[in-house]
Amino acid sequence: MSDQTQEEGLILNGLTKILGGRVIIDNLHLTVKKGEMVSLLGPSGCGKTTTLRMIAGFLIPDKGDIRLNGKDVTLLGPEKRPSAMVFQNYALWPHMSVFKNVAYPLKVRKLPKDEIERRVHEALGVVNLMHHKDSRPGQISGGEQQRVALARALVQEPDILLLDEPLSNLDAKLRVKVREDIRELQRRLGITTVIVTHDQDEALSISDRIAVMNAGKIEQFSTPQELYDRPETEYVANFIGSLNRVEGGYADGKVIPGDEIVGIRPEDVIYSATPTPGAFPATVSLVVPRGHFSEVYLKRDDVELRAFISVDVPRVGDTGFARVVKALVYKDGKLVRVA
Amino acid sequence: MASVNTEAKAENLEVKSTSRSSVLGFFMAAPPMLLVVCFVGIPILIALTFSLGFTSGPNRVVSIIGQEIHKKDHWWGTFAAYKDVFKDSRFPGDLRTTLVVSFLSTFLTLLMALGIGLYQRIMGGRIAAIMTTLCLVPLFVPVVISSWAIHTFYAGDGFMRSLLSHFGINFPTVTSTVSAIVIGSVWTSLPFAILMVTSGLQSIPDALIETAQDAGAGFFRIVRTVLIPLAITPIVIAGTFTAIGIMGSFTIPLFLGPNQPTMLGVEISNFFGAYNRPQQSIVMAFIVFTAASGIALIYIWANVKSAKQSGRI
């Protein structure tokens with residue numbers, strides 16, 4: 001076994017899956033390093049859950065192979081794979097207590113009773129749920145159920161942890177808390193993790209790297225920062241963050257006629273009341289308050305741009321100057337330059 | 001002050017509306033309740049008093065016509081008719097046959113329903129769907145027809161024996177045996193049991209099964225630890241309904257069963273009609289009723305368990 005395969009926890013090599021005559025996953029390649037947390041991000045129907053289910057062993061790929069820690073697991077069933085999955089709706093068995101839910105995988109492995117007890121207590125301690133060990137899943141909150149599901153996965157000490165939209169059933173505040181808990185745990189235990197999500201905030205805030213998926217393919221696989229700053233395709237630029245999308249060309253801080261697509265992040269549009277180098281006259285046409293910032297629509301001679309402004313927010317009808325700090329220029333959907 | 005008055009009025013209106021809807025609810029529930037009381041409750045009460053030797057009033061005519069009628073010798077009645085039944089040499093055999101047939105048929109029905117239900121739940125596909133649909137066919141065949149069909153199939157001069165005799169096999173005559181009653185009972189009970197068990201198994205989310213698979217569990221462990229416990233309420237309900245139905249069955253044991261010992265449903269009819277001993281037949285009916293009530297307790301337990309699990313109580 002080479003050092004490289006040791007380092008690379010999970011390798012998906014040319015995976016293809018056809019379901020109901022439709023190509024769901026199309027020649028997908030992905031490498032996840034050991035101890036890394038990777039998000040599969042994309043809209044509904046892009047194939048991210050199908051990919052995760054192939055990694056877990058619930059689906060067998062029609063083409064390609066899956067290697068985990070250097071071992072080919074493509075044809076192994078889920079019960080034979082060294083992976084553990086947390087399902088979207090937690091999938092806790094309602095007829096078992098929290099303790100029994102977490103102990104189940106260990107009982108299947110026929111571990112001694114005292115070891116089962118020790119490991120379950122450890123796992124419940126990690127997710128702070130020891131006080132609920134005798135409760136039934138129906139008696140605890142959604143967030144706690146999610147943590148039980150996580151404990152049940154962690155107790156197996158899997159080589160890879162698979163999370164299928166684990167936060168989508170939680171309310172917004174709890175989601176932020178639980179995702180931080182998951183990230184902290186993942187870092188502490190150093191467990192290779194693949195998480196499926198359609199929430200870009202979630203993906204950006206907890207992942208080491210993100211694979212943005214579209215129509216069964218990976219559009220870009222990069223770090224969150226790189227993905228945001230330098231989206232390689234127009235699809236990724238549109239999907240991650242906000243974007244002013246203008247058809248034309250770009251030169252000297254202005255949008256000019258052309259056959260390219262210019263993408264400008266609203267935070268890359270700077271408004272000032274007085275002229276600055278590279279800024280052009282602009283009139284405020286609309287102001288939409290968004291809480292801690294406002295979305296301001298600025299009409300320039302060449303283009304109308306959205307800008308995010310958090311201090312000294314202008315009013316509708318104000319005139320000033322708008323400068324573009326950075327523009328992403330795409331041709332045929334691919335990034336050609338960053339201006 | 002004005003707002004206090006408005007709140008009081010609103011509360012008043014709410015109370016009135018609640019009491020109106022509860023009165024309406026009572027009147028909607030009253031007709032079926034009245035029907036049950038008149039056509040089930042009162043006849044049961046009259047039959048009970050008759051079995052205890054109260055021979056006047058509504059029991060007067062049947063007491064005059066019937067033989068071996070015992071009249072009450074205490075204020076609460078008499079157990080003389082009950083003693084008659086327990087002393088009768090036919091009764092222990094009949095009771096044993098009834099209990100054995102009920103247990104065996106229920107067990108086989110549930111086993112088959114579970115087998116088909118599990119096959120459909122786990123494998124799915126067209127074959128499973130066809131099998132389930134075929135198993136529902138007996139639901140639409142009257143019991144008397146199916147009993148006759150089974151009779152002609154397994155009789156001494158029936159299809160099975162005739163067919164197998166061509167190959168030199170002497171297939172036993174199944175009709176007029178307890179086995180024939182079991183076959184007939186399973187045939188008639190299977191559709192309902194399949195409907196109940198299949199719906200219970202189908203309602204288990206895939207994720208609960210997949211989580212068990214992911215945890216390393218094999219097929220039989222998943223069935224034992226996840227599927228059956230989660231579908232236990234419909235399984236128990238199917239079992240209790242099947243057992244109670246078989247215990248009180250008449251047509252199948254009459255057509256397919258032996259003359260003696262036979263099931264209590266047939267014996268009750270014999271005592272009532274052929275032997276003209278209505279009091280003893282009612283005593284037997286009460287014994288069957290008591291056994292069925294025991295099974296009904298299991299049904300209630302299953303419902304309470306299900307309600308507790310879903311947080312309804």
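The following exercises, each with a worked solution, concern the predicted model shown above.

Residues are numbered from 1 along each chain as its sequence is written, and chains are lettered from A and ligands numbered from 1 in the order in which they are written. In this predicted model, local features need pLDDT of at least 70, side-chain atom pairs count only at pLDDT 80 or more, and totals for chains, interfaces and linings use all residues, while side-chain values use heavy atoms, with hydrogens and water left out.

**Exercise 1. Chain A as a whole**

Task: Describe the secondary structure, extent and burial of chain A.

Solution. 
- Step 1. Chain A contains nine helices and 19 strands. Helices (H or I, at least four residues) and strands (E, at least two) are DSSP runs, numbered from the N terminus.
- Step 2. The C-alpha trace of chain A spans about 75 × 45 × 40 Å along its principal axes.
- Step 3. Chain A has 339 residues, of which 52% count as buried. Buried means under 20% relative accessible area, exposed over 50%, and partly exposed in between, with a 1.4 Å probe and protein chains only.
- Step 4. Consider the contacts in chain A between residues at least 6 apart in sequence: 63% of them join residues at least 24 apart. Contact means heavy atoms within 4.5 Å.

**Exercise 2. Salt bridges**

Task: State how many salt bridges the structure holds, and examine three of them in chain A.

Solution. 
- Step 1. Side chains of opposite charge can pair when their charged atoms come close. A salt bridge is a side-chain nitrogen of Lys or Arg within 4 Å of a carboxyl oxygen of Asp or Glu. Over all chains, the structure holds 25 salt bridges.
- Step 2. One of them joins E165(A) to K48(A), with 3.9 Å from N to O. This pair links distant parts of the chain, 117 residues apart: E165(A) is in the loop between β7 (160–164) and α6 (172–189) of chain A, and K48(A) is in helix α2 (residues 48–56) of chain A. Both E165(A) and K48(A) are buried.
- Step 3. K331(A) and D259(A) form a salt bridge at 2.9 Å, N to O. K331(A) lies in strand β18 (residues 328–331) of chain A and D259(A) in strand β12 (residues 254–264) of chain A, so the pair ties together parts that are 72 residues apart in sequence. K331(A) counts as partly exposed because its relative accessibility is 32%, whereas D259(A) counts as exposed because its value is 61%.
- Step 4. In the salt bridge of R337(A) with E260(A), the closest N and O atoms are 3.7 Å apart. R337(A) belongs to strand β19 (residues 334–338) of chain A and E260(A) to strand β12 of chain A, 77 residues apart. R337(A), at 33% relative accessibility, is partly exposed, and E260(A), at 17%, is buried.

**Exercise 3. Two helices in contact**

Task: Describe how helix α3 meets helix α4 in chain A.

Solution. 
- Step 1. Two packed helices are described by the angle between their axes and the distance between the axes. Axes are lines fitted to C-alpha atoms, for helices over the stretch in contact, and angles run from 0 to 180 degrees between N-to-C directions.
- Step 2. The axes of α3 (residues 98–108) and α4 (residues 113–126) of chain A come within 9 Å and cross at roughly 125 degrees. Therefore α3(A) is oblique to α4(A). Angles under 35 degrees count as roughly parallel, over 145 as roughly antiparallel, 65 to 115 as roughly perpendicular and the rest as oblique.
- Step 3. Residues of α3(A) in the contact include V98(A), F99(A) and L106(A), and those of α4(A) include I116(A), V120(A) and L124(A). The residues of this contact divide into nine nonpolar, one polar and three charged. Ala, Val, Leu, Ile, Met, Phe, Trp, Tyr, Cys and Pro count as nonpolar, Asp, Glu, Lys and Arg as charged, and the others, Gly among them, as polar.

**Exercise 4. Buried positions**

Solution. 
- Step 1. I160(A) is found in strand β7 of chain A and is buried, with a relative accessible area of 0%.
- Step 2. In helix α9 (residues 206–214) of chain B, seven of the nine residues are buried.
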